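Please read it alongside the sequence and coordinates.

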Amino acid sequence: MTRAPGRLFTGAPVAVIDIGSNSVRLVVYEGLSRALTPIFNEKALCGLGREVLSTGRLPQDAVDRAFAALKRFRALCDAMEVGEVHALATAAARDAENGPAFIAECEAICGQKIELLTGKREAELAAAGVVAGVYAPDGIVGDLGGGSLELVDVKGRAVGTGVTLPLGGLALQDRSSRSPRKAEKIVRETIPEAEVLGALAGRTFYAVGGTWRALARLHMYTKGYPLHVMHGYVIPAREALDFTRIVHRADAEALAHIDVVSDARRPLLAYGALVLENIVRQGRPSEVVISALGVREGLLHSLMSEEERVRDPLLIAAAEMNVLRSRSPRHGEELVAWTDGFFASAPVLEEAEDEKRLRRAACLLADVSWRAHPDYRGEQSLNMIAHAAFAGIDHPGRAYIALSVYFRHMGLNTDESDTRILELLTTGMLDRARILGAVMRVAYVLSAAMPGILPQMPLLVRGDQLVLSVPRKVVSLVNDRVYNRLRQLARLIGREPLLEQGD
């Protein structure tokens, strides 16, 4: 394969084929990395699980669609020169009497072994996906597929024992004979069996699966939410109860903004809403958080070394973008160290650990839009960072990083009337974004984004002064423009600016 300048080459691409009860999907990732980056993603909604509970078999038309999809996926993997393909199958193939024959044919098409996941294994992989994609998770992971619902406790990197319930959208539709009343009775009788939900009160429920993502997308557009990124989207528990109640009792086609949900997903929305409503009612979480990472990413996460798994996916992704798009990647790394010193010297700017990692990511991303016209660098940076395929970050964190870099390009007094992402930040986070943007403005006018300069000129707070130390050999780099930006930063943090010339 010809190497594209916009790609990292740390090895051959890796792919996962996921044969689910509703969809059959291929995702190809740039490589096996802690910051997994999809380079291709395609699904076929086959509906393998739609009649398994009532007939005991996979429907033949669904099987034929799955085989056609797998043949295309195999050809795509060959065309993309994928190094490793991992294939797995879930509830429908696990539960159907013709499942073994179906899996055998799938293996012949794919040319490799397919892992038929048990319910427990599926829950563990879904939890591993949340561990891979959420910073310091603490709650219950729920993976809703077409055939089953998996639930498992997760705290930090510790994953509990998973349980499986037959409440997937297609399974519930089948068991209830498409009767909303019967479906509601089934869910209300089944959810209390999940003892794991007893540990959910006051914690977070992490929702995994396409039906719940579609439900969240509908909620997002109904609210007019300013950031259309699904991973990390938060619905407060009270809102989740109210919204799911409306969705499972209404005709989907009559719902506002229903066009943001694909036609194929709409029939399962009511069932997904019904299950989520009862989980929230039974478990009493503080919030529902959508995780775009699930079983597929959890599988790849489990294949990594322990050393790789403990690395920070946000900082890795930011470092990769720094390499791909900055004028000088080393300058971005130096900016991290330079701001480390500045923030450590100012007690009033003391950072929590999460604030520190966000600031370091912002430094690595500060120059990614340098090729744009100067008038649009701020806007391009904001859009690129806010909508990037980052893991290990929530929506306020995205907004903080994006606005920091926006301020670095556009200045601190820019009219922000059209920057709706501001709605995601507290006043304190916005102040920090402005201060970091001001620090970057000093750094870039001083160094022209070139390496080797910032380490010579520490920027530190000393008492009531903001001191930029300038060695005599590089003093010609300092002019009125540098001093004006230093003074602007000093004013923001309540200090007096001082240029200190040294040897």
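Which residues lie nearest the centre of the largest cavity?

## The largest cavity

Asp18, Asp143, Gly145, Gly209 and Arg296 lie nearest the centre. The model is predicted. In total, 29 residues line the largest cavity. Its volume is about 390 Å³.

Four elements each give at least two residues to this lining: strand 2, strand 6 (138–144), helix 8 and helix 11. By class, the lining holds 14 polar, eight charged and seven nonpolar residues.

## The second largest cavity

The cavities of 30 Å³ or more number three.

Helix 14 (329–345) and helix 15 each supply at least two of the lining residues. Five residues of this lining are polar, four are nonpolar and two are charged.

Most residues other than glycine have a negative phi. Ala449 sits in the loop between helix 18 (427–447) and strand 13 (459–462).

Arg284 also has a positive phi, near 55°, and is a residue other than glycine. Its place is the loop between helix 10 (266–283) and strand 12. Are these two residues buried or exposed? Arg284 is exposed, because its relative accessible area of 56% is over 50%. Ala449 is buried, because its relative accessible area of 1% is under 20%.

## The largest pocket

The largest pocket holds about 1,000 Å³ of space. Its lining has 42 residues, and the closest to the centre are Leu36, Pro38, Ala388, Ala389 and Phe390. Elements giving two or more residues to the lining are strand 2 (23–29), strand 3 (38–45), helix 8 (210–223), helix 11 (295–303) and helix 13 (313–325).

Which element gives the largest share of this lining? Helix 13 does, with six residues. By class, 23 lining residues are nonpolar, 11 are charged and eight are polar.

Strand 2, helix 8 and helix 11 each supply at least two residues to the lining of the largest cavity, and each gives two or more to that of the largest pocket.

## The second largest pocket

The volume of the second largest pocket is about 500 Å³. Of its 24 lining residues, Gly232, Val234, Val289, Asp394 and His395 lie nearest the centre.

At least two lining residues come from each of strand 10 (204–208), strand 12 (287–290), helix 15 (353–364) and helix 17 (395–410). The lining divides into 12 nonpolar, seven polar and five charged residues. Helix 15 supplies at least two residues here and at least two to the second largest cavity.

## Ser291

Ser291 is found in the loop between strand 12 and helix 11. Ser291 is buried, because its relative accessible area of 0% is under 20%.

What lies 2.6 Å from a polar atom of the Ser291 side chain? The backbone oxygen of Leu293 does. Leaving aside residues up to four places away in sequence, Ser291 touches Val130, Ala207, Val208, Arg213 and His231.

Note on methods
Residues numbered from 1 in each chain as written. Predicted model: local features only at pLDDT ≥ 70, side-chain atom pairs only at ≥ 80, totals over all residues. Heavy atoms only, no water. 1 Å grid on protein atoms, 1.4 Å probe; cavity = no way out; pocket = protein on both sides within 12 Å on 5 of 7 lines; lining within 4 Å. Points joined across faces, edges and corners; volume = space filled by probe spheres on them. Nonpolar A, V, L, I, M, F, W, Y, C, P; charged D, E, K, R; others polar. Buried < 20%, exposed > 50% of the residue type's maximum accessible area, 1.4 Å probe, protein only. Polar contact = N/O pair within 3.5 Å; in protein donor to acceptor, adjacent residues only side chain to side chain. Contact = heavy atoms within 4.5 Å.
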